[in-house]
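User: Can you walk me through the salt bridges in this one? Start with the terms, please.
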Amino acid sequence: MGTKERERKVHQPLRRAGLEVIPNAVPEGMMPSVLGWGAEDVIDGFSHRYDTPHLVERLNADWYGLTDSSGR
């Protein structure tokens with residue numbers, strides 16, 4: 001996702017919701033997310049591109065399926 005698209009799709013809606021957007025910032029006391037696992041650590045999962053049609057619905061369905069299959 002490019003800078004302009006991120007501004008339009010992520011930052012503007014957050015600002016409309018009354019939140020302050022601090023690009024590329026990590027709040028004090030928080031650890032930035034780091035991808036640090038190997039294939040042997042991944043049991044199940046899913047991913048979708050930002051331009052996937054009906055993205056929210058797909059993510060919700062996949063999240064439900066993942067939690068349901070793990071018994072949580």
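Analyst: Accessibility first: buried means under 20% relative accessible area, exposed over 50%, and partly exposed in between (1.4 Å probe, protein chains only). Glutamate 7 is partly exposed, at 26%. This is a predicted model: local features need pLDDT of at least 70, side-chain atom pairs count only at pLDDT 80 or more, and totals for chains, interfaces and linings use all residues. Residues are numbered from 1 along each chain as its sequence is written, and side-chain values use heavy atoms, with hydrogens and water left out.

User: How many salt bridges are there?
Analyst: Three. A salt bridge here is a side-chain nitrogen of Lys or Arg within 4 Å of a carboxyl oxygen of Asp or Glu.

User: What does glutamate 7 form a salt bridge with?
Analyst: Arginine 15, with the closest N and O atoms 2.6 Å apart. Arginine 15 is partly exposed, at 40% relative accessibility.

User: Switching to arginine 49: where does it lie?
Analyst: In the loop between H1 and helix H2 (55-69). Arginine 49 forms a salt bridge with aspartate 51, the closest N and O atoms being 3.3 Å apart.

User: Are those two buried or exposed?
Analyst: Both arginine 49 and aspartate 51 are exposed. Arginine 49 has 61% relative accessibility.

Notes. Helices (H or I, at least four residues) and strands (E, at least two) are DSSP runs, numbered from the N terminus.
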